[in-house]
Every structure is written in C-alpha cells, then in structure tokens.
Amino acid sequence: MKITLIGYMGSGKSSLGAMLAKKLNIIFYDLDSIISKTYGISIFSLFKRKGEFSFRKIEHLMLKKILKKKHSYILSVGGGTPCFYKNIYLLNKYSKTIYIKIDAYTLFNRLILEKEKRPLIFNFSKKELYRFIMKHLLKRVPFYEQASIKIEIDKKKSKTNVIKEIIKSIYSDT
C-alpha cells in the first residue's frame with residue numbers, strides 16, 4: 001500500500017500523514033522534511049537561495065526516489081508538488097492519491113499564523129494573503145482534483161474522524 005496526501009499548504013497533510021501511518025503501522029515520509037534533511041537547510045532557505053524553479057526540480061527528483069520504494073508507506077508532499085513536472089501523473093501511477101480538500105477561508109486562518117515559515121507567502125499582508133490563496137487555489141485545484149480519493153475537511157471534523165474517513169475510503173476504493 002502506497003498512499004500520497006496532496007492538497008494546498010496548511011491543509012494538514014503532514015500531521016494527518018503521520019497519524020495515518022501510525023494507525024496503519026507503516027512508514028511515513030514527508031517530502032519537505034526529506035529534502036530539508038538531504039540539503040541540510042530548511043525548505044524556506046532552500047527556496048530563497050535557489051529559487052522556485054530549482055526547488056521544484058529538486059522536489060521532483062526526490063519524489064521519484066520515494067515513489068520507487070517497494071515497501072508500503074504514507075507520503076505527504078508540498079502543496080505545489082503535484083503541479084509541476086507531471087508529478088500528479090507519477091503520484092497517481094505509483095501511489096493512491098488522497099486530496100485533502102479545505103476551503104480558502106480556513107486555509108487563510110491557518111496560514112496567517114505560520115506565514116513566516118512558508119516561502120511563497122512570508123511577505124504578504126493579510127489582504128494580499130487571502131487574495132493569493134484564492135488565486136493560487138484556482139491554479140492548483142485542477143491538479144489536486146486528479147487524486148483518486150477526495151476528503152473534505154471542515155472545522156467540525158476532528159483529525160481522528162478525518163483519519164477514519166481516509167481509512168474507510170482507502171479500503172472501499174480498492
């Protein structure tokens with residue numbers, strides 16, 4: 001079983017991925033963490049130093065390495081990963097993809113609290129950030145929607161209930 005969580009930054013892919021892996025007793029990989037460890041610097045610093053184009057190339061190469069692994073795993077990827085270098089095709093070919101779908105307003109409220117850690121949004125004002133999220137989602141959603149499973153997140157769902165929904169979807173989709 002190979003499962004990849006995709007969705008916009010701030011949607012909870014990393015925390016949900018870790019919980020899901022623990023629940024299913026399989027390995028969890030976070031693509032950003034792997035890249036950061038490999039290069040010895042934060043994603044934010046790597047993005048700033050090399051620029052988005054070079055970062056996306058590094059991301060693509062690391063993704064291909066992980067997707068070649070033979071064992072079962074849960075993989076969380078960055079919000080932009082599915083949108084470059086035909087990565088969504090690779091993700092769907094080598095894993096079951098799950099789109100963690102969350103509305104723009106909730107994303108805004110999450111991201112405003114951690115924007116200093118996010119290279120794409122760190123210098124935006126509140127107003128600019130909300131506009132950016134809306135515009136950016138329009139570009140990225142067509143990639144996310146190609147996932148084999150879609151899970152909608154809202155304020156009422158606990159992470160535990162989201163994990164249960166994901167597990168139910170995984171096994172009903174096979």
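How much space lies in the largest pocket? In this predicted model, the volume of the largest pocket is about 660 Å³. A total of 30 residues line this pocket, and those nearest its centre are Met 9, Ser 14, Asp 32, Gly 78 and Arg 118. The elements that contribute two or more residues to the lining are α1 (13-24), α2 (31-39) and α3. Helix α3 supplies the largest share, with 5 residues. With regard to residue type, the lining comprises 8 nonpolar, 12 polar and 10 charged residues.

The largest nonpolar core consists of 55 residues, and the most contacts inside it are made by Tyr 8, Leu 75, Ile 98 and Ile 133. Helix α3, which spans residues 43-67, gives the most to this core, with 9 residues. When neighbours within four places in sequence are left aside, Ile 133 is in contact with Tyr 8, Ala 104, Leu 107, Phe 108 and Leu 111.

A further site of interest is Thr 81, located in the loop that lies between strand β3 (73-76) and helix α4 (87-94). The relative accessible area of Thr 81 is 0%. Because buried means under 20% relative accessible area, Thr 81 is classed as buried. Apart from neighbours within four places in sequence, the residues in contact with Thr 81 are Leu 31, Arg 56, Glu 59, Leu 63 and Asn 87.

Conventions: Residues numbered from 1 in each chain as written. Predicted model: local features only at pLDDT ≥ 70, side-chain atom pairs only at ≥ 80, totals over all residues. Heavy atoms only, no water. Helix = DSSP H or I, 4+ residues; strand = E, 2+ residues; numbered from the N terminus. Buried < 20%, exposed > 50% of the residue type's maximum accessible area, 1.4 Å probe, protein only. Contact = heavy atoms within 4.5 Å. Core = buried A, V, L, I, M, F, W, Y, C linked by side-chain atoms within 4.5 Å. 1 Å grid on protein atoms, 1.4 Å probe; cavity = no way out; pocket = protein on both sides within 12 Å on 5 of 7 lines; lining within 4 Å. Points joined across faces, edges and corners; volume = space filled by probe spheres on them. Nonpolar A, V, L, I, M, F, W, Y, C, P; charged D, E, K, R; others polar.
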